[in-house]
Amino acid sequence: MSSIMGKTLHVDLTKGKITEQAGIDEKVWKQYLGGRGLGQKLIWDHIGKPPYSTPDEAREFALSPGNRFVIMPGPLTGTPAATSGRFAVAFISPLSGTTSAAIAGARFGMLVKRAGYDAIIIDGKADKPCYLNITEEKQEILDASDLWGKTIYETDEILTAKHGEKCSVGCIGPAGERCAPIACVAHEKSSFAGRTGAGAVWGSKNLKAVVINGKQKIGIANKDEFKEINRKINALIKEKPTTGEYLQTRGTIVLMHVENMHGTLGVKNFSETGNLSYEDCQKISGEKFWNDYNWGKEACYACPIGCHRKLYINGEFLPQAEYELTWGFGANLGNLDPYVVTKAGDLCGQYGMDGISTGNILGYAMESTVKGAHDFGITWGDGEGILRVVEEIGKGEGVGAELQMGVKRCAEKYPETADYAMHIKGTELPAYDPRAMAGVDLGYATSPRGADHMKSYMVGCTTLGTQITPKELLERTVLNHDKITFTIGMQHESVFYDSAVLCLFLALTPVGVEDMAKLYSTATGIDMETRELILSEERVFNAERLWNLASGFTVDDDTVPKRFTTEQTPYGGSKGTISRIKKAKKMFYEERGWSKDGVPEPWLTKYLDLDEMRTKLGV
Ligand code: SF4
């Protein structure tokens with residue numbers, strides 16, 4: 001019995017029809033792995049060739065009924081493999097205009113498979129608000145008119161009460177309903193397909209929620225060998241202090257002191273990176289949260305780490321405590337009030353907005369205001385203002401009506417604010433200052449969906465280190481061919497984790513590609529040799545590149561915001577560093593087998609079996 005379920009579910013919202021379809025061919029699984037790779041392939045094959053030729057047109061298309069949304073667990077999702085509670089969603093992004101895959105957790109992906117499906121493919125647009133109720137026995141499109149306007153928490157509670165505690169609810173909040181391009185989809189109120197606007201795509205389809213449940217067994221093809229390799233991976237997780245202790249106790253906020261010490265923590269919209277004293281950092285650190293406010297932790301299905309933290313603070317139980325949010329609403333805004341930081345994250349959770357983008361947007365608004373470029377009515381450290389503006393973004397009111405569109409669009413409207421808009425391809429930057437780490441800037445610039453630390457986990461490797469990272473590459477500012485090769489390796493590793501689907505935090509352990517190939521083979525029964533797995537990772541990354549090229553992205557879009565190439569890091573552990581992205585990009589294209597225009601060379605697409613796709617796309 002394989003961990004692949006052998007069926008997909010196709011939902012046509014325009015026709016109001018749901019059909020079960022045959023499973024996916026074994027060769028396609030092998031070539032695109034699952035999750036991120038296969039989910040996007042199901043979109044590329046469906047659309048054929050982008051019916052647009054510029055990124056702006058792509059962003060518009062993303063909110064049309066022609067955009068397809070794929071909920072795609074991976075072949076390891078829902079198995080006993082460590083951290084296998086993860087799954088992917090794929091779509092054309094309304095924020096970046098690129099092809100995109102976001103990863104989330106909880107039990108949602110596992111239950112998609114227990115309902116019997118490898119993927120749920122959603123097309124078209126319903127004529128009124130609806131939600132999907134999917135189990136092994138029934139698959140139905142139900143009326144969601146009475147849910148429209150409700151927050152994530154309210155929607156989840158209503159649907160859980162109606163369909164039972166054992167179901168898992170994925171839903172959007174008011175931000176998604178309004179198609180705000182920073183809107184996310186929340187699963188079980190706590191795990192978000194956060195980046196690049198998945199929630200807006202649901203909103204554009206009038207899809208409020210998906211309720212999923214199932215009891216079907218997820219098989220394992222070779223139980224003994226699977227157990228053996230999984231035991232090894234669990235031991236490696238335990239052995240490494242980051243995964244075996246720090247993330248388990250303090251959650252992802254454990255990174256605050258680490259990143260601050262290295263001078264990689266963005267401060268005040270990256271204008272004062274490094275300018276946070278130890279004492280100030282302590283006020284919003286993992287240690288502070290753990291000692292004073294912790295009331296519990298949450299873990300995705302089958303995760304021995306459990307990095308999510310729930311806090312009790314100022315008389316409120318607040319569930320959204322993560323490093324990126326603590327950066328975004330804390331150091332990034334000159335705010336050291338732990339309640340404001342946590343409450344702002346909680347509001348993002350309620351309205352259904354990506355916390356990274358929202359924090360970044362506030363940093364843009366504050367710097368624009370302080371430097372006199374445009375008055376958004378909010379300045380550094382204004383705690384009350386932070387909560388007010390996050391709420392306004394959530395409701396699409398006041399300054400939130402403009403800010404909800406993301407920093408790229410705001411800067412287009414107010415060109416004098418352009419220098420403060422920290423985005424790549426329209427996607428807002430996350431917490432890490434790319435000047436301080438050669439390779440991180442490159443990872444951001446060449447990520448298929450814009451500024452994203454998760455599509456090449458160089459941050460983890462250069463500030464936390466892994467036992468497989470060559471020591472000299474941990475020198476953060478070194479830029480040489482080895483660093484470029486390592487960045488490419490990390491991009492490929494992320495393809496695997498996003499496609500299998502497993503948690504990217506495994507990249508912080510010495511789990512190797514041989515272990516991954518073995519895990520894949522023993523779970524699925526598909527014979528996957530290590531070299532084939534490496535080839536598939538490279539194939540997915542290059543296929544994403546071809547799609548983005550056909551969407552009108554060019555070499556000029558592979559860049560970082562101007563600040564990072566013109567201003568040195570001003571303070572702290574990385575003082576004086578600057579991004580050498582131009583040089584890095586040139587080396588990267590050569591190393592990848594791309595032309596100087598960033599186009600995969602014909603020999604490469606032939607080698608990766610991507611010629612058919614390339615011809616179809618006309619790249
Ligand atoms: S480490 Fe955190 S994000 Fe990763 S699988 Fe575990 S609980 Fe989920």
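## The overall picture

Helices (H or I, at least four residues) and strands (E, at least two) are DSSP runs, numbered from the N terminus. By that rule, the protein has 27 helices and 17 strands. What you're looking at is a predicted model, so local features need pLDDT of at least 70 and side-chain atom pairs count only at pLDDT 80 or more, while totals for chains, interfaces and linings use all residues. Residue numbers start from 1 along each chain, following the sequence as written.

How far does the C-alpha trace span along its principal axes? It covers about 60 × 55 × 50 Å. Of the 619 residues, 63% count as buried; a residue is buried if 20 or more other C-beta atoms lie within 10 Å of its own, exposed if 12 or fewer, and partly exposed in between, with C-beta atoms placed from the backbone. Now for contacts: two residues are in contact if their C-beta atoms, placed from the backbone, lie within 7 Å. Among contacts with a separation of 6 or more, 73% link residues 24 or more positions apart.

## Three domains

The domain assignment gives domain 1 (7–212), domain 2 (266–428) and domain 3 (437–509 + 529–617). These bounds come from an automatic or database domain assignment.

Let's look at domains 2 and 3. Their C-alpha centres lie 26 Å apart, and 15 residues of domain 2 are in contact with 22 residues of domain 3. On the domain 2 side, strand 16 (423–424) and strand 17 (427–428) are the elements that give two or more residues. That side divides into 5 nonpolar, 6 polar and 4 charged residues. Here Ala, Val, Leu, Ile, Met, Phe, Trp, Tyr, Cys and Pro count as nonpolar, Asp, Glu, Lys and Arg as charged, and the others, Gly among them, as polar.

## Around the ligand

Which residues come nearest to the ligand? Out of 13 around it, they are Cys300, Cys303, Ile305, Cys307 and Cys503. To be near a molecule or strand, a residue needs its C-beta atom, placed from the backbone, within 6 Å of it. Sorted by class, the shell holds 7 nonpolar, 5 polar and 1 charged residues.

Domain 1 and domain 2 both give residues to this shell, so the ligand lies between them.

## Strand 3, tucked inside

Strand 3 (residues 69–73) has 5 of its 5 residues buried, so the rest of the structure largely encloses it. Phe69, Ile71 and Pro73 point one way, Val70 and Met72 point the other way, and all are buried.

Strand 3 has partners, too. Two strands pair if DSSP finds at least two bridges between them. With strand 6 (residues 119–123), strand 3 pairs in the antiparallel sense over 3 bridges, and Val70 has Ile121 as its bridge partner there. With strand 4 (residues 87–92), the pairing is antiparallel over 4 bridges, and Pro73 stands opposite Phe87.

## A sheet with helices on it

Next comes an open sheet of 3 strands in the order 13-14-15, with antiparallel pairing. Strand 13 (294–298) and strand 15 (316–321) stand at the edges with a single partner strand each, so one side of each has no neighbour in the sheet. From one strand to the next, the twist averages 25°. For angles like this, axes are lines fitted to C-alpha atoms, for helices over the stretch in contact, and angles run from 0 to 180 degrees between N-to-C directions.

Strand 14 (residues 308–313) and strand 15 run antiparallel, joined by 4 bridges, and Arg309 stands opposite Ala321 in strand 15. Helix 12 (residues 286–293) packs on the sheet and touches strand 13, strand 14 and strand 15, with its direction at about 55° to that of strand 14. Helix 14 (residues 338–351) lies across strand 14 and strand 15, running at about 75° to strand 15.

Most residues other than glycine have a negative phi, and most peptide bonds are trans. Where are the exceptions? The peptide bond from Ala500 to Val501 is cis, with omega near -10°. Val501 sits in the loop between helix 21 (481–500) and helix 22 (513–524).

Ala106 isn't a glycine, yet has a positive phi of about 60°. Ala106 lies in the loop between strand 5 (99–104) and helix 4 (108–114), and is buried, with 25 other C-beta atoms within 10 Å. Lys189 isn't a glycine either, and has a positive phi of about 65°. Lys189 is in the loop between strand 10 (185–187) and strand 11 (191–193), buried with 22 other C-beta atoms within 10 Å.
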